[in-house]
Amino acid sequence: MKRICLFLLLGCALAACSEKPAAPQVIAHRGYWKAEGAAQNSIAALQAAGRIGAYGSEFDVNLTSDGVLVVNHDFTYHGYKIYDTPFEVLRGDTLRLANGELIPTLDEYLEASLQYPQMKLIFELKSEGDPEYEARAVPGSVEAIKKYGVTDRVEFISFSLSACVEFAKLMPGVRVEYLGGELAPAEIKKLGLSGIDYYYEVFDKHPEWIGEAHDLGMVVNVWTVNEEADITRMLDLGVDQVTTNEPELAQRLIAARR
Ligand code: MG
């Protein structure tokens, strides 16, 4: 009996240590932007992701020349380089997202996210690795997260390794996943990051990285996987998170496997 209790205790302790979720999680890439009335990185897309019960809404953050964090995928918006342009120009009334919204500030996006407290915020900082830019953008992002009290809901991702490392230092305990795809899990672990978020073809080439990441207690996210066959193959390989433009399809495929 004592031995069984010991095994049970050991099992619970291991489960608590492991980052691996019980079932794969679905992340709406740039929000659920294919939903009616939404557009990529719009508030409406965030809300649509919340309505379908997505695990998380992924979004992209850029810094304007005058220090405002805005939600937009590209480094440019309507032809303006965001980091060279003051906020009020980007917010001009004639500049709109595809659904008619003005470009959201990070503050507005986080404020709107409070309607969906169960949903994670998959925060991608866009950066070309310029240290001066990151010295403003990374602490500014952390400050906003703290201001809205969503620290327990945020997971950072970035193609900038230096930004990832800085997020991990500034917010210990918050998940930080690197997007680049060229580093093995052990190298990511050494840098103090908690996960990898790689393009699906990286895992086709390196399926062993998924098990290696799990063995290191790390989370494995995959982007951006939209076709049924690709989602199924990634689930078969054992990823923990699926970042997709088709969140309802991914939800159905995961539900069907239970
Ligand atoms: Mg992104």
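Against which elements do the buried residues of α6 pack? They pack against β6 (120–125), α5 (131–147), β7 (154–158) and β8 (175–178), where helices (H or I, at least four residues) and strands (E, at least two) are DSSP runs, numbered from the N terminus. The model is a predicted one, in which local features need pLDDT of at least 70 and side-chain atom pairs count only at pLDDT 80 or more, whereas totals for chains, interfaces and linings use all residues. Residues are numbered from 1 along each chain as its sequence is written, and side-chain values use heavy atoms, with hydrogens and water left out.

**Helix α6 and Phe 167**

- Helix α6 spans residues 161–170, and its buried residues are Ala 163, Cys 164, Val 165, Phe 167 and Ala 168; buried means under 20% relative accessible area, exposed over 50%, and partly exposed in between, with a 1.4 Å probe and protein chains only.
- Phe 167, which has its place in helix α6, is buried with a relative accessible area of 0%.
- Leaving aside neighbours within four places in sequence, Phe 167 is in contact (heavy atoms within 4.5 Å) with Phe 123, Leu 125, Val 138, Ser 141, Val 142, Phe 156 and Val 176.
- Ile 157 lies 10 residues from Phe 167 along the chain, and the C-alpha atoms of the two are separated by 9.2 Å.

**Helices α10 and α11**

- The axes of α10 (residues 228–237) and α11 (residues 247–256), which are lines fitted to C-alpha atoms over the stretch in contact, with angles running from 0 to 180 degrees between N-to-C directions, come within 10 Å and cross at roughly 45°.
- That angle makes α10 oblique to α11, since angles under 35 degrees count as roughly parallel, over 145 as roughly antiparallel, 65 to 115 as roughly perpendicular and the rest as oblique.
- The contact is made by Glu 228, Ile 231, Thr 232 and Leu 235 of α10, together with Leu 249, Ala 250, Leu 253 and Ile 254 of α11.

**The whole protein**

- The protein has 11 helices and 11 strands.
- Its radius of gyration, taken over C-alpha atoms, is 19 Å, close to the 18 Å that the globule rule (2.2 Å times the number of residues to the power 0.38) gives for 258 residues, so the protein is as compact as a globular protein of that length.
- Along the principal axes, the C-alpha atoms fill a box of roughly 70 × 40 × 35 Å.
- Buried residues make up 50% of the 258 residues.
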